[in-house]
Every structure is written in structure tokens, then in C-alpha cells.
Amino acid sequence: KNFIDTNIALGYSLNCDKMHETCLEFISNNEDIFWSNNVKQEFQKKYEQIFQLIHNFMLMTSSIVNTIQKSFINYYSFEKFILDNSKDSALDIYKKTKIIEFFWENNNINYNISPLETLIRFNQFLANYDYSHDSRKKELENLIELYDCGSNNYLKYPKLLKKLIKSGVHNPDYKIVLDAHDFGFASDVCFITTDLNLIQLIKDCKLLNIMEFKTCA
């Protein structure tokens, strides 16, 4: 059975995420994929936080295009213009760049389009993005099976918990790892994450009832 970490779910659900294509390929090409209550709860929380940053960045971009009316000779001039004027946005630069790419490619922007038309098209792009933002998230939630062990499962393993914390594994990672450990008593488990550092911290813990560790990267 494949037990996924939160970052796999986020990578699949956010098409502007750096790991989107890799996570999409993994989930599309594998069966028997599970998550625990802790993974699902953390995913839902982080997804909304990240999407709020995306929404705020897009609102900022709309304001920039509206305030500094300008035509663009090519994609790179538009990208540089938006990135230079959106440094106050907390969204990471990779996601900003992907969103700018999506807009440019889906709207056939070119140097003949007026600043007003660019603004109109961007605002429509923003509205469509907001409208559809839950679609891949819901799709993921229908694909992943829940290993229902509750959110306090980690308390059943105080010695392992202490060992993981001593190794440098932080909350909520140690809860998630111990959920996978608990799942391992019912089935052979492969723990999947994009976090190579987490794998390095836990792979040598012989007490963990996890058959295999993989990075989806």
C-alpha cells in the first residue's frame, strides 16, 4: 500500500506547485494510495493557506496591470513587470511564475493587445481560477483512501515518538510517520513523500514498521 505525505497531495492539487507534474504522474499511475486523518487535515489546512496566497497575488497582479497601464512585447517583459512589482506578495516565485505562464499561454497575449484588454483578460482568468480551484482537490480526495486511525494515533508509540523527535523530526511529520507505522501492522507500506530530508531522518529507524521509503521527486 502507498501511504502519502501531505506534500504529495498538495503537489497533485496545485497546478502551480513545483512538484505538480511528478505528483500527478505518481497518483495517476498507482493504486492503493492512502492517507491518514493527520495527512488529510494538514492537507486541507495548507491547501487553503496556499490558495489564499495565490488569490492575493492574482488580485495584486490585477491591480498592477490596472494602475501601471502598459503593453508588452513578449512574455518575458510581462513576467519581469509582474515579478518586479509584486515583491510584497508572500507567494513563492515559482508559483508566481507558473501563474503568469498559465495566463499568458491561455489568453494569446501579444504586443497588439491594449492594456485595458490585458486587464479584462486577466480578471477573467482570475475569476476562472477561483471558480475551479477546488476541482483537482476534490478529485484527489475521491482517489485517496483514508486510513482512519484518528489524529492522536502517535500517542500510542511514546518510545518511537521520542526517538523521532530526537532525530530531528518535527510536528506534524512525526504524527504522519507514526500513522504510516501503525498502518504497517495491517499491510506492507511504502511511505511516499517529496521531502528528501524527512526520508534521511527516518529511513534508518529500524523500529518503524514501514517496508519502503520513496521520494517522489
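Here is a short tour, stop by stop.

This is a predicted model, where local features need pLDDT of at least 70, side-chain atom pairs count only at pLDDT 80 or more, and totals for chains, interfaces and linings use all residues. Numbering runs from 1 along each chain as its sequence is written, and side-chain values use heavy atoms, with hydrogens and water left out.

**Strands.** Select residues 33-36, strand β2 (helices are DSSP runs of H or I with at least four residues, strands are runs of E with at least two, and both are numbered from the N terminus). Ile-33 and Trp-35 point one way, Phe-34 and Ser-36 the other, and all are buried (buried means under 20% relative accessible area, exposed over 50%, partly exposed in between, with a 1.4 Å probe and protein chains only). Asn-2 is the residue opposite Ile-33.

**Core.** The largest nonpolar core has 71 residues (a set of buried Ala, Val, Leu, Ile, Met, Phe, Trp, Tyr and Cys joined through side-chain atoms within 4.5 Å). Helix α3, residues 37-67, gives the largest share, 10 residues. Click Ile-99, one of those with the most contacts inside the core. Leaving out residues up to four places away in sequence, Ile-99 touches Cys-16, Ile-54, Phe-57, Met-58, Leu-91, Phe-125 and Tyr-129 (contact means heavy atoms within 4.5 Å).

**Rings.** There are 19 aromatic pairs (rings of Phe, Tyr and Trp, its six-membered ring, with centres within 6.5 Å; planes under 30 degrees apart are stacked, over 60 edge-to-face, the rest tilted). Show Phe-78 and Phe-103, a tilted pair 5.7 Å centre to centre with 45° between the planes. Phe-78 is in α4 and Phe-103 in α5, 25 residues apart. Then go to Phe-125 and Tyr-129, also tilted, at 5.8 Å and 55°. Both lie in α6, four residues apart, about one turn of the helix.

**Charges over rings.** Which ring has the charged end of Arg-136 over it? Tyr-12, with 5.4 Å to the ring centre (the rule is NZ of Lys or CZ of Arg within 6 Å of the centre and within 35 degrees of the ring normal). Lys-137 does likewise over Tyr-47, at 5.8 Å.

**Last stop.** Select α9, residues 173-183, where 10 of 11 residues are buried.

Methods:
Pairing = 2+ DSSP bridges.
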